[in-house]
Amino acid sequence: MTYSKKFVAALLLAPAALAQAPLYGQCGGQGWTGPTTCVSGSVCVYSNDWYSQCLPGTGTTTATTTTRTTTASSAATTTGSSSTSCQAAAHGFASLNGGTTGGNGGTVVVVNNWADLKKYATASGKYVIKVSGKIVATTTGEEIKVTNDKTIVGIGSTGEIYGGGFGLTNVKNIIIRNLKIGNTYDGDWEGKTHDWDGIQSDTSSNIWVDHCIFERGADGLIDLRLDSNYITISHVTFRDHNKVLGIGWTENVITQATIHHCYFQNVGQRNPSADNLKYAHMYNNYLNNATSYGHYSRGYTNMRVENCYFEKVRNPLQRDDTAVLVASGNTYVSCTGSTAANSGTAFNPSSFYSYTLDSTANVPSIVKSEAQPKSSICPS
Ligand SMILES: *[C@@H]1O[C@H](CO)[C@@H](O)[C@H](O)[C@H]1NC(C)=O
């Protein structure tokens, strides 16, 4: 038997090919032992301490962090005007449909007041808008109408939008990261006086919200409505609020959302309420003191829940008769009310994207430390 020249060439090339991660492959993160460089035409982009991914583009990146204890400066850096950690791209369902890259590759601006934030968030074209310190809304409850291809990211751990929020209407490719958002609370716990949300999305797609704190709103902390789709909410704290995270307000069953490593703390209802979602993937969330209900699979939702930690939650898991709910690996501590049994056949998240489950016992400590703005996300 003889080998063709082509086959031998392929064999000779193989080691080099194996040394590089493929497009959209993992290229770094805590415990990652695989390749840390990407195939030509893609760059390694830091997503979080556990995951970096090869995304389309050119440029020079350095290796990403491989341990959780490394400092911000060892996160991926790239040549250019902004570190890659400020310009990470989304994982989960937001990584589908062309991906969610926000303003990556566009103009980088730093803002420290409401007028400038509004100016760039509503401008056309790609922007990475870095928020410096606390910005107070000039009109309480105003939701800035963000346009396509924007990243709004806090610098360090002190970026804050106080007394206002963001409205996404018929837009796509939006990243909101590393910010505290809220404090529009008007004294009405039922949220019926004002429709002031932290983020309201209507018919928008490819949305990634990451490493944020949402607190004390006047209506929903996040309302995702009217067929908004390809959504990932990761490492987010929702606290001191009644109507937390509502997804739905539609007859269509198309919305796909990943919600993981989120902290629901001292909350009432909608943690989340997931109504008519095609796919709702909930994993490694920590709920502590929810007075109404926890993860709720409503209408025709197909929900998979994995390794979540429910503590002092009334009605941790709820399901409508028409909905699918398949939960595994959860822990329940001092919970009350009822917990819906599994019913139906849930979708398999791994067939859409890769993800790593943390063990449930570690979820409270990981989530408490990660679900907030971090100085390492956008160091400057
Ligand atoms: C639990 O959360 C509710 C808000 O839903 C709050 O009013 C209450 O004070 C919290 N309880 C504790 C013990 O923090």
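**Ligand shell and backbone details**

Modeller: The side chain of S85 reaches the backbone oxygen of I377 at 2.8 Å, a polar contact in the sense of a pair of N or O atoms within 3.5 Å, where within protein one must be able to donate a hydrogen and the other to accept it, and residues adjacent in sequence count only if both atoms are side-chain atoms. This is a predicted model, in which local features need pLDDT of at least 70 and side-chain atom pairs count only at pLDDT 80 or more, while totals for chains, interfaces and linings use all residues. Residues are numbered from 1 along each chain as its sequence is written, and side-chain values use heavy atoms, with hydrogens and water left out.

Biologist: Is S85 buried or exposed?

Modeller: S85 has 1% relative accessibility and counts as buried; buried means under 20% relative accessible area, exposed over 50%, and partly exposed in between (1.4 Å probe, protein chains only). S85 lies in the loop between β5 (51-56) and β6 (107-111), where strands are DSSP E runs of at least two residues, numbered from the N terminus.

Biologist: Turning to the ligand, which residues are around it?

Modeller: They are W189, N266, V267, G268, N289 and T291, each with a heavy atom within 4 Å of the ligand. Strand β23 (residues 263-269) gives the most to this shell, with three residues.

Biologist: Which polar atoms lie by the ligand oxygen atoms?

Modeller: A side-chain N or O atom of N289 is 2.3 Å from a ligand oxygen atom. For V267, a polar backbone atom lies 3.1 Å from an oxygen atom of the ligand, and for N266 a polar side-chain atom lies 3.5 Å from one.

Biologist: And how much of the ligand does the protein bury?

Modeller: The protein buries 44% of the 360 Å² that the ligand exposes when taken alone, with areas from the Shrake-Rupley method and a 1.4 Å probe.

Biologist: Which residues other than glycine have a positive phi?

Modeller: N206, with phi of about 55°, and L226, with phi near 50°, are among them.

Biologist: Where do these two lie?

Modeller: N206 is in strand β16 (residues 205-210) and counts as buried because its relative accessibility is 3%. L226 is in the loop between β18 (222-225) and β19 (229-234); with a relative accessible area of 35%, L226 is partly exposed.

How values were computed:
Helices (H or I, at least four residues) and strands (E, at least two) are DSSP runs, numbered from the N terminus.
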